[in-house]
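Please keep the sequence and the structure in view while reading.

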Amino acid sequence: MLTLSRPPFHALNDLIAALKVRGEAWKVPRGFMATSGTLSTFRLPPLPTIREIIKLFRLQAAKQLSQNFLLDLKLTDKIVRKAGNLTDAYVYEVGPGPGGITRSILNANVAELLVVEKDSRFIPGLQMLSDAAPGKLKIVHGDVLTFKIERAFPESLKRQWEDDPPNVHIIGNLPFNVSTPLIIKWLENVSCRDGPFVYGRTRMTLTFQKEVAERLTANTGSKQRSRLSVMAQYLCDVQHILTIPGQAFVPKPEVDVGVVRFTPLVRPRIEQPFKLVEKVVENAFQFRRKYCYRGLGMLFPEIQRVESTEKLLELADVDPTLQPSQLSVSHFKSLCDVYQKMCDEDPHLFAYNFREELKKKKSKNQGEEDAKERERLQQHIEC
């Protein structure tokens, strides 16, 4: 992982020179100002457009990385405004790509912007922005799934969990292929109060496929209600704040995009370990169209499944004929609390995995079938 806080060359001048060599010119984008009327407000100087950056560096969205570029700076400005007041804020941007949202964040008068980009093709364009915003932009060439942000920002920014959120924000146009594992990772960080949340209740403003955004914010009983709904809503206030049409992106994705804002709750709605909550919720949604007792039964070994499932539902006061989408966060709180007590009574219960049991059962059955086949062959030979 490489941190590029001081670019090895003056990328802006090199870019302008390259454009001249190619016989091209770029226009000052309307509305850009070199400086504002007050010394305290920062604005980027006139720069080549994102489309020109893409053309110059021959950047193409990598399909295998689910990349889609947002070129309209009016839309990137709107996303950044939805994140709240970023004046003097410390911002962590994930997946900046060619730098559209990056520009809007820098123009929001932030104290510092840290970007983490996995694709090395985008680094020169980001270096250009670093040249244009001295001391404002730090670039890390690395993977957001493994990057450690705990020491990236000053210790003075840290707040008590019960206090107002710190002046730290996470903003990102997430590639579709990492958006779900990344938000689950960050939700676990919220639960443990580590990672980006060592600073306090750090707010996040992130893009997802519209369908995923709807799942994250789905109410009890809706068709979109899912595992993601419960896992996000028991830890955060979650709002679907903006929908962006797919045609605004290059290349155009097959779906629209939803912008979702997360604010961690002072007190989680379920006060149990994240992994336990995740296991209960995942099992409950195993069979979405069936009664909830069907999926919840997979928490228990087959030999005790019926009895233990009945006990769980009875003690949690949950109707076994409710479908998973009809279970509220309060229902899941009761289920998790009871399941935790059952795990305390049986130390081996939490480690149980119904898939492993099913795999062993199939292996045993296959072994018995193979033995019978060998016996039949032996009898045939003897005859």
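Asn109 is buried, because its relative accessible area is 11% and the limit for a buried residue is under 20%. As with everything described here, this comes from a predicted model. Asn109 lies in the loop between α4 and β4 (112-117), and its phi is positive, at about 65°, although the residue is not a glycine. Most residues other than glycine have a negative phi.

Arg193 also has a positive phi, of about 60°, without being a glycine. Its place is in the loop between α6 (176-192) and β7 (203-209), and at 38% relative accessibility Arg193 counts as partly exposed.

## The chain as a whole

The protein chain has 13 helices and ten strands, and buried residues make up 49% of its 383 residues. Of the contacts in the chain with a separation of 6 or more, 70% are between residues 24 or more positions apart.

Helix α5 (residues 123-132) is largely enclosed by the rest of the structure, because nine of its ten residues are buried. Those buried residues are Ile123, Gly125, Leu126, Gln127, Met128, Leu129, Ser130, Asp131 and Ala132.

Arg103 is buried yet has no salt bridge, and the nearest side chain of opposite charge, that of Glu52, is 7.1 Å away.

## Packing of α9 against α12

Two packed helices are described by the angle between their axes and the distance between the axes. For helix α9 (residues 274-284) and helix α12 (residues 329-345), the angle is about 115° and the axes are 10 Å apart. The crossing of α9 past α12 is right-handed. On the α9 side the contact is made by Leu276, Val277, Lys279, Val280, Val281 and Ala284, and on the α12 side by Phe332, Leu335, Cys336, Tyr339 and Gln340. By class, nine of these residues are nonpolar, one is polar and one is charged.

## Salt bridges

Side chains of opposite charge can pair when their charged atoms come close. In this model the count comes to twelve salt bridges, and Glu188, Lys275 and Glu278 are linked in a network of them.

Glu211 forms a salt bridge with Arg215, with the closest N and O atoms 2.6 Å apart. Because Glu211 and Arg215 are four residues apart in helix α7 (residues 210-217), they are separated by about one helical turn. Glu211 counts as partly exposed at 45% relative accessibility, and Arg215 is partly exposed with a relative accessible area of 31%.

Arg305 forms a salt bridge with Glu357, the closest N and O atoms being 3.5 Å apart; Arg305 is in helix α11 (residues 305-316) and Glu357 in helix α13 (residues 354-382), 52 residues apart. Arg305 is buried, with a relative accessible area of 17%, whereas Glu357 counts as partly exposed at 26% relative accessibility. Glu345 and Lys311 meet in a salt bridge of 3.4 Å, N to O, which joins helix α12 to helix α11 across 34 residues. Here Glu345 is exposed, with a relative accessible area of 57%, while Lys311 counts as partly exposed at 35% relative accessibility.

Technical notes
Residues numbered from 1 in each chain as written. Predicted model: local features only at pLDDT ≥ 70, side-chain atom pairs only at ≥ 80, totals over all residues. Heavy atoms only, no water. Buried < 20%, exposed > 50% of the residue type's maximum accessible area, 1.4 Å probe, protein only. Helix = DSSP H or I, 4+ residues; strand = E, 2+ residues; numbered from the N terminus. Axes fitted to C-alpha atoms, helices over the stretch in contact; angles between N-to-C directions. Left-handed = near helix turned anticlockwise from the far one by under 90°. Contact = heavy atoms within 4.5 Å. Nonpolar A, V, L, I, M, F, W, Y, C, P; charged D, E, K, R; others polar. Lys, Arg positive; Asp, Glu negative; His and termini not counted. Salt bridge = Lys/Arg side-chain N within 4 Å of Asp/Glu carboxyl O.
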